[in-house]
Amino acid sequence: MTAPRNALPVAIAGGGIGGLACALALARKGFRSLMLEQAREFGEVGVGLHVAPNALSVLDALGVGPAAKKNALMIERLQMMDAVTGEEVVNIPCDARFEQRFGNPYAVAHRAHIHGPLLEACRAHELIELRTNSRVTGFEPNDAGVSVTLESGERIAAAALVGADGVYSNVRKRIVGDGDPLPAGAIIFRATIPAAEMPKDLQRPYPTFWAGPDWHVIYYPISDWSLFNLGCTVLTRQAKLVEAEEFAPDVVLPLFPNGCETPMRVIHIPKSFRRFVIVHREPVGNWTEGRTTLLGDAAHPMVQYIAQGAAMALEDAICLAAEADACDGDFAQAFLRYQDIRIVRTARVQISSLMLTKLNHAKGVERKVRNSLFEGRTTEQHYDRLAWLYTAPPYVK
Ligand SMILES: Cc1cc2nc3c(=O)[nH]c(=O)nc-3n(C[C@H](O)[C@H](O)[C@H](O)COP(=O)(O)OP(=O)(O)OC[C@H]3O[C@@H](n4cnc5c(N)ncnc54)[C@H](O)[C@@H]3O)c2cc1C
């Protein structure tokens, strides 16, 4: 076994995409870690994910790019349609020019096909220990690092702790203490549609995004075209945080009025939907306390409109490991440097994503203004506006 650079492991709370990427990035710099996942098994919910070029560049840097891309679909374009008139509003080619500009194509995938290769790479690495049934409930700093408490009462001695425990993070409670995330004023109804049930003329090699009045609908192929991922989001004042309830079409469909024929055809296909309340948090100026820090949704949860939450978690992971390396295992210093590097970029993505609420759901004259904003924009001009987001930061290498 390669001698690790740290005697005690770095504990990582949460084995989602962010936590696994963090373990792998640290291992590739010679640091050992102990992954503590609350669930009985590692896994991801069975829905789709946009994997923008900046996210693919992180997967490449972690050595899992080829495995992740194998089961992903490299999309042909990014498109927005006006769901009232049926006209095309935005069409951004994701072709060779796109790849050349941003260093990678743009993919969509089943979440398991991104999480899976990361998990396999972690399992294969001798510096990573993976534990399930291990819910982190608290932590205490001590001279050696951090004592991490599990729900079972067990205490784990760690050199440092990374809270990658998602939007309801326990680790965040102590560092930031801002309570539960806030409802963002929207709910999403999700379903997967078997390809055999999807009309042939709507099976396109890219996500089709329909922007309606106070709602939007998006669908795209996943799992080698065997399924279509469908997300139907509607603005609502409803604040009750209930996760993953099943809903029948007769409850869901009336929430999506005044749409043209095509999106309506698609949302009439599923026989049931799962409902999720969209939550967010305001950006914060600190997410680190000594040798404990946060990563991914635990640090900077965002609404999904910019499709970058997992991408930001991946970028965090590689930045954190680069700083641990640069600080030669002084995790308190490394975590402050990591946070300093990441806060503005992640806060910009959180804020930009929330601002898209208006653009994606415009109605009346605002809808016409939205459409006019994109009129005549060339491909290069689209790329220029997206460059801040899709260009991987310099530490992604
Ligand atoms: C509707 C929707 C669509 C989205 N679409 C996209 C998209 O297209 N592209 C994109 O990049 N992002 C997207 N996102 C965002 C993305 O899903 C998240 O940002 C990403 O999953 C965050 O990863 P994470 O590892 O930080 O957290 P999570 O994926 O939430 O993982 C957290 C892990 O920690 C575990 N855990 C929780 N608490 C504890 C604890 N106390 N102790 C131990 N383990 C714990 C959980 O079981 C879980 O395994 C979307 C989000 C939503 C809601």
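In helix H5, the buried residues are Ile-114, His-115, Pro-117, Leu-118, Leu-119 and Cys-122. The model is a predicted one. H5 runs over residues 112-124 and has 13 residues. From its first C-alpha to its last, H5 reaches 18 Å, close to the 18 Å expected at 1.5 Å a residue. An α-helix has 3.6 residues a turn, so residues three or four places apart point the same way.

Helix H10 covers residues 331-360, which makes 30 residues. At 1.5 Å a residue H10 should span 44 Å, and its end C-alpha atoms are 41 Å apart, which agrees. H10 also has a kink of about 40 degrees, centred on Arg-342.

**The ligand and its surroundings**

There are 30 residues around the ligand, and those that come nearest are Gly-18, Glu-37, His-50, Arg-111 and Asp-297. By class, the shell is made up of 14 polar, 9 nonpolar and 7 charged residues. Four elements each supply at least two residues of this shell: helix H1 (17-28), strand S3 (48-51), strand S13 (182-194) and helix H9 (309-326).

A nitrogen atom of the ligand is 2.9 Å from a backbone N or O atom of Val-136. For Gln-38, a polar backbone atom is 3.2 Å from a nitrogen atom of the ligand. For Gly-309, a backbone N or O atom lies 3.2 Å from a nitrogen atom of the ligand. On its own the ligand has 1,000 Å² of accessible area, and the protein covers 84% of that area.

**Residues with positive phi**

Most residues other than glycine have a negative phi, and most peptide bonds are trans. Asn-133 is not a glycine, yet it has a positive phi of about 50 degrees. Asn-133 lies in the loop between strand S8 (128-131) and strand S9 (136-142). With a relative accessible area of 53%, Asn-133 is exposed, because exposed means over 50%.

Asp-214 likewise is not a glycine and has a positive phi, of about 70 degrees. The loop that holds Asp-214 is between strand S14 (208-212) and strand S15 (215-222). Asp-214 has a relative accessible area of 28% and is partly exposed.

**Pairs separated along the chain**

| Pair | Separation in sequence | C-alpha distance |
|---|---|---|
| Phe-189 and Arg-274 | 85 residues | 5.4 Å |
| Gly-16 and Gly-166 | 150 residues | 7.9 Å |
| Val-284 and Ala-299 | 15 residues | 8.3 Å |
| Ile-318 and Ile-12 | 306 residues | 14 Å |

Phe-189 has its place in strand S13, one of the elements that supply at least two residues of the shell around the ligand. Is Phe-189 buried or exposed? At 2% relative accessibility, Phe-189 counts as buried, because buried means under 20%.

Ile-318 is found in helix H9, another element that supplies at least two residues of the ligand shell. The relative accessible area of Ile-318 is 7%, and the residue is buried.

The other two named residues are in loops. Gly-16 is found in the loop between strand S1 (10-13) and H1. Gly-16 counts as partly exposed, at 25% relative accessibility. Val-284 lies in the loop between strand S18 (273-280) and strand S19 (288-289). Val-284 is partly exposed as well, with a relative accessible area of 23%.

Note on methods:
Residues are numbered from 1 along each chain as its sequence is written. This is a predicted model: local features need pLDDT of at least 70, side-chain atom pairs count only at pLDDT 80 or more; totals for chains, interfaces and linings use all residues. Side-chain values use heavy atoms; hydrogens and water are left out. A residue is near a molecule or strand if one of its heavy atoms lies within 4 Å of it. A polar contact is a pair of N or O atoms within 3.5 Å; within protein, one must be able to donate a hydrogen and the other to accept it, and residues adjacent in sequence count only if both atoms are side-chain atoms. Accessible areas come from the Shrake-Rupley method with a 1.4 Å probe; for residues, only the protein chains shown count as cover. Ala, Val, Leu, Ile, Met, Phe, Trp, Tyr, Cys and Pro count as nonpolar, Asp, Glu, Lys and Arg as charged, and the others, Gly among them, as polar. The expected span of a helix is 1.5 Å times one less than its number of residues. The bend at a residue is the angle between axes fitted to the seven residues ending there and the seven starting there. Buried means under 20% relative accessible area, exposed over 50%, partly exposed in between (1.4 Å probe, protein chains only).
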